[in-house]
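The sequence and structure come first.

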Amino acid sequence: MDIKGQMLNVRRALDAAGHTRNDGQGGYELSVDEGKVTVRHILRPGETRQLRYKVVRKYAWALEDAGYGVEIVGLADGASRLIVQRGPSVAASGA
């Protein structure tokens with residue numbers, strides 16, 4: 001699967017778990033870094049920076065439940081991002 005297809009599937013998994021994309025008011029953003037899909041959380045108005053890690057962890061749980069292999073990486077500014085290491089397994093996809 002190409003990277004655009006993987007990003008679409010990651011977006012679908014997060015949306016299905018009830019998470020919202022960043023629409024200028026905070027939420028998750030997807031990007032590609034070194035050929036892997038990354039997810040980061042943009043703070044919503046009123047959210048604290050300490051909450052960011054908890055939200056990123058919820059994204060990780062949603063993707064792990066969908067069968068993805070993920071890694072949480074801390075950044076120097078205290079933020080965290082999620083790197084999707086591998087796509088869903090055949091067993092997780094129900095095939």
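The accessible surface of the protein comes to about 5,700 Å², and carbon and sulfur atoms hold 50% of that area. The model is predicted. Of its 95 residues, 34% count as buried. Among contacts with a separation of 6 or more, 38% join residues 24 or more positions apart.

The protein has three helices and four strands, arranged along the sequence as α-β-β-α-β-β-α.

The strands make an open sheet with the order E1-E2-E4-E3 and antiparallel pairing. At the edges are strand E1 and strand E3, each of which pairs on one side only. On average, neighbouring strands of the sheet are turned by 25° against each other, with direction ignored. Strands of a sheet pair through backbone hydrogen bonds, in either a parallel or an antiparallel way. Between E1 and E2 there are seven bridges in the antiparallel sense. In this pairing, Gly27 stands opposite Ile42 in E2.

| Helix | Residues | Strands involved | Angle |
|---|---|---|---|
| H1 | residues 3–16 | touches E1, E2 and E4 | about 160° with E1 |
| H2 | residues 49–65 | lies across E1, E2, E3 and E4 | about 15° to E4 |

Helix H1 packs on the sheet, where one of the strands it touches is E4 (80–86). Helix H2 lies across E1, E2, E3 and E4. The direction of H1 makes about 160° with that of E1, whereas H2 runs at about 15° to E4.

Key:
Residues are numbered from 1 along each chain as its sequence is written. This is a predicted model: local features need pLDDT of at least 70, side-chain atom pairs count only at pLDDT 80 or more; totals for chains, interfaces and linings use all residues. Side-chain values use heavy atoms; hydrogens and water are left out. Two strands pair if DSSP finds at least two bridges between them. Helices (H or I, at least four residues) and strands (E, at least two) are DSSP runs, numbered from the N terminus. Axes are lines fitted to C-alpha atoms, for helices over the stretch in contact, and angles run from 0 to 180 degrees between N-to-C directions. Contact means heavy atoms within 4.5 Å. Buried means under 20% relative accessible area, exposed over 50%, partly exposed in between (1.4 Å probe, protein chains only). Accessible areas come from the Shrake-Rupley method with a 1.4 Å probe; for residues, only the protein chains shown count as cover.
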